[in-house]
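This report describes the architecture of one protein, with attention to helix packing and to selected residues. The sequence and the structure are shown first.

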Amino acid sequence: MSLHQTATSTAKASVYASPSANGQVSPQSNDSHPARNMDNITHFLLELDALKHVNRRNYITQNTDTNELRVENSAEHSWHLAMACWSIAEAFELKVNHEKLLKMALIHDLGEIDAGDTFLYADTRKDAHIKERDGIARLQHERGNGIAHLSKIWEEQETGDSAETQLLKVVDRLLPFLLNIQTQGKTWRALGIRRSQVAAAHRFIKDSFPTIHHWMSAQLDYATEQGWLITG
């Protein structure tokens, strides 16, 4: 089913609050609750910080001031993925649950804290989810984690078929493809990637999001003409 044909209801959340002395509303909290212990909370936040150390294979766009050209890390990718999903959902007026979509995008690569990043065209790609799932399970039970359904949300983005999951998977493939186009196929050229590999990895987008697939196909032709991909 196409993203354009799938609709989901928008989740609503309530915030418990009480008026302060000056009449403003401020959140209530029970600081004695174990999950709200700041030592535990900051411990978990530092666990999440480790995602910044996981490097990916694709290069970010060149810094025009320093001419720096470096690979992105998984934390940067997660932010970019969340923003791109949000922007595309708005631009195409997709009937998706934005809160659900953004949560899935933000936790999409958290399992890589333990498992590391697996390159899209690596032979071990098919087994990457096993170690990542173990990493998510560890984080779910890590002290200070205030996200009750971390594993559930990760599992849905990994194996689900909702409109949000479909969009996430499309954009997750679009972004590294876009960076390769902008860096003249730097990763593709360095690793000897073939046109057929790229085409196969993005074929599912034709059904999920034809507009994006059409644009990518045109860019794929251009990249091949430029010699950034091996023909065949």
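This is a predicted model: local features need pLDDT of at least 70, side-chain atom pairs count only at pLDDT 80 or more; totals for chains, interfaces and linings use all residues.

Thr165 is located in helix 7. When residues up to four places away in sequence are left out, Thr165 touches Met104, Glu156, Gln157 and Gly160.

**Overall composition**

The protein contains 11 helices and four strands. Of its 232 residues, 38% are buried. Among contacts with a separation of 6 or more, 65% join residues 24 or more positions apart.

Two packed helices are described by the angle between their axes and the distance between the axes.

Helix 3, residues 98-107, packs against helix 7, residues 163-182, at an angle of about 45°, and the axes are 9 Å apart. Helix 3 is therefore oblique to helix 7. The crossing of this pair, helix 3 with helix 7, is right-handed. Helix 3 contributes Lys100, Leu101, Met104 and Ala105 to the contact, while helix 7 contributes Glu164, Thr165, Leu167 and Leu168. By class, the residues in the contact of helix 3 with helix 7 are five nonpolar, one polar and two charged.

The second pair consists of helix 7 and helix 11, the latter spanning residues 210-225; their axes come within 11 Å and cross at roughly 30°. Helix 7 is therefore roughly parallel to helix 11, since angles under 35 degrees fall in that category. The crossing of helix 7 and helix 11 is left-handed. On the helix 7 side, Val170, Arg173, Leu174, Phe177, Leu178 and Ile181 take part, and they meet Ile212, Trp215, Met216, Gln219, Leu220 and Ala223 of helix 11. The contact of helix 7 with helix 11 comprises 10 nonpolar residues, one polar residue and one charged residue.

**Loop residues with positive phi**

Glu93 lies in the loop between helix 2 (74-91) and helix 3. Although Glu93 is not a glycine, its phi is positive, at about 50°. Gln184 is placed in the loop between helix 7 and helix 8 (186-191). Gln184, also a residue other than glycine, has a positive phi near 55°.

| Residue | Relative accessible area | Class |
|---|---|---|
| Glu93 | 68% | exposed |
| Gln184 | 48% | partly exposed |
| Leu69 | 33% | partly exposed |

**Leu69 and its surroundings**

Leu69 is found in the loop between strand 3 (55-59) and strand 4 (71-73). Leu69 and Thr183 are separated by 114 residues in sequence, whereas their C-alpha atoms are 8.8 Å apart in space. Thr183 is also one of the residues that Leu69 touches. With residues up to four places away in sequence excluded, the contacts of Leu69 are Tyr59, Ile60, Thr61, Gln62, Thr183 and Lys186.

Methods: Residues are numbered from 1 along each chain as its sequence is written. Side-chain values use heavy atoms; hydrogens and water are left out. Axes are lines fitted to C-alpha atoms, for helices over the stretch in contact, and angles run from 0 to 180 degrees between N-to-C directions. Helices (H or I, at least four residues) and strands (E, at least two) are DSSP runs, numbered from the N terminus. Angles under 35 degrees count as roughly parallel, over 145 as roughly antiparallel, 65 to 115 as roughly perpendicular and the rest as oblique. A crossing is left-handed if the near helix is turned anticlockwise from the far one by less than a right angle, and right-handed if clockwise. Contact means heavy atoms within 4.5 Å. Ala, Val, Leu, Ile, Met, Phe, Trp, Tyr, Cys and Pro count as nonpolar, Asp, Glu, Lys and Arg as charged, and the others, Gly among them, as polar. Buried means under 20% relative accessible area, exposed over 50%, partly exposed in between (1.4 Å probe, protein chains only).
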